[in-house]
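Hi everyone, thanks for coming along.

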Amino acid sequence: MKIETLAIHAAADPDPETGAISPPIYLSTTFEHGPASEELHGYTYVRDKNPTQDRLEEALSLLEGGEGALVYSSGMGAAITLLLTLDPDSHVIFPEDVYAHVRVAHEQYLPKWNFQVSVVDMQDQKAIDHAIRPNTKLVWVETPSNPRMQITDIVGAARAAHSVGAFLVVDNTFATPVFQRPLELGADIVLHSTTKYCGGHSDVQGGCLVLRKRDQLYDKLFHARVVLGAVCSPFNSWLVLRGLRTLPCRMEKHAANALAVAKALETCESVERVFYPGLPSHPGHAIASNQMSNFGGMLSILVKGGREQAVAVAARVKLFRNATSLGGVESLIEHRASAEHPHSKSPENLLRLSVGLENPDDLIADLLQALNA
Ligand SMILES: *Cc1c(COP(=O)(O)O)cnc(C)c1O
């Protein structure tokens with residue numbers, strides 16, 4: 001089945017009680033059991049699992065092509081729960097350019113939890129190979145990366161990880177399963193902030209892990225979620241599931257708009273660089289063309305001058321909103337060095353754009369008036 005069809009029909013059977021086409025939200029925190037806690041209906045307590053969350057997990061695993069999925073309260077909830085299933089003294093490799101709070105986690109918390117951490121430029125396969133140690137347990141890839149849009153070769157990263165029996169996790173938040181299929185390229189785990197494109201309307205927070213195999217790792221992660229508590233609520237599960245139904249058609253438009261914006265900005269005098277993997281000028285374009293079917297709705301630019309010029313451009317846009325987050329229907333712009341402060345590694349003249357579903361001509365006109373003022 002093609003992904004547009006799958007997005008509509010995955011875990012979409014009508015409610016057996018009523019025939020409701022839109023699934024019910026089960027808000028109940030607890031489910032009747034027998035006098036000696038015998039499970040009667042497949043459910044016990046909301047932190048373990050609930051029917052609305054089950055539907056979302058089934059849909060996500062079908063969309064990513066995995067055997068199982070687990071949903072969390074946020075992308076960070078998914079990330080930290082995954083990291084906390086590793087044994088102490090594990091070695092984990094992270095990319096230089098990575099979601100800011102994943103960096104904060106590995107800088108501030110992982111050393112306390114007795115993990116060893118290496119940070120490498122994952123655009124360079126040799127750097128990944130070189131960083132592998134006998135006790136490497138997890139290689140963390142984010143491609144395209146936030147916010148510099150760097151591309152990592154997933155097949156190469158998987159080969160490096162598997163050479164010592166480590167897992168490869170790919171943060172697929174930017175590309176989504178519509179444009180990039182990490183499990184088919186060798187990844188063991190896919191991570192999403194479902195707050196972004198999966199939800200798609202800037203009104204729900206969530207995260208997920210999709211696993212290639214439903215084996216001991218799934219059981220470990222399920223157990224860790226119950227204990228650590230970062231579970232996706234029934235209502236948030238319902239909103240993310242609703243968002244998934246339109247994910248493929250939204251992503252096509254996001255990508256077409258982002259490419260049009262990227263091309264227009266590349267010819268603008270006030271722009272030093274445009275980072276969009278769909279542009280032939282992007283250093284990761286060849287690999288991206290190989291492992292992605294399209295390039296997504298995110299891009300970043302370096303404004304000529306410095307911090308002051310970049311912030312001035314962000315101040316002059318009228319249609320783009322200055323706000324953090326991404327993947328919603330509306331276009332957003334953000335000066336990442338300010339947003340990530342004080343942990344930022346982003347260039348001071350970098351602006352990140354989440355290109356929405358407006359008409360691209362209006363978006364380009366807005367950006368050009370802000371850049372050329
Ligand atoms: C937003 C984001 C996260 C974190 O997700 P939350 O839902 O905000 O916790 C992780 N990775 C990427 C690439 C993100 O954009």
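**Cysteines and cores**

Let's start with Cys198, which is buried, at a relative accessible area of 2%. Buried here means under 20% relative accessible area, exposed over 50%, and partly exposed in between, with a 1.4 Å probe and protein chains only. Cys249, by contrast, is exposed, at 53%.

Before going on, a word on the source: this is a predicted model, where local features need pLDDT of at least 70, side-chain atom pairs count only at pLDDT 80 or more, and totals for chains, interfaces and linings use all residues. Residues are numbered from 1 along each chain as its sequence is written, and side-chain values use heavy atoms, leaving out hydrogens and water.

For Cys198, the nearest cysteine sulfur belongs to Cys208, 6.1 Å away. For Cys249, the nearest one is that of Cys198, at 14 Å.

Now the cores. A nonpolar core is a set of buried Ala, Val, Leu, Ile, Met, Phe, Trp, Tyr and Cys residues joined through side-chain atoms within 4.5 Å. The largest has 85 residues, and Leu168, Leu299 and Leu353 have the most contacts inside it. A second, separate core of 23 residues includes Phe115, Leu138, Leu191 and Leu209.

Finally, zoom in on Leu168: not counting residues up to four places away in sequence, its contacts (heavy atoms within 4.5 Å) include Val139, Ile154, Ala187 and Asp188.

Technical notes:
Disulfide = S-S within 2.5 Å.
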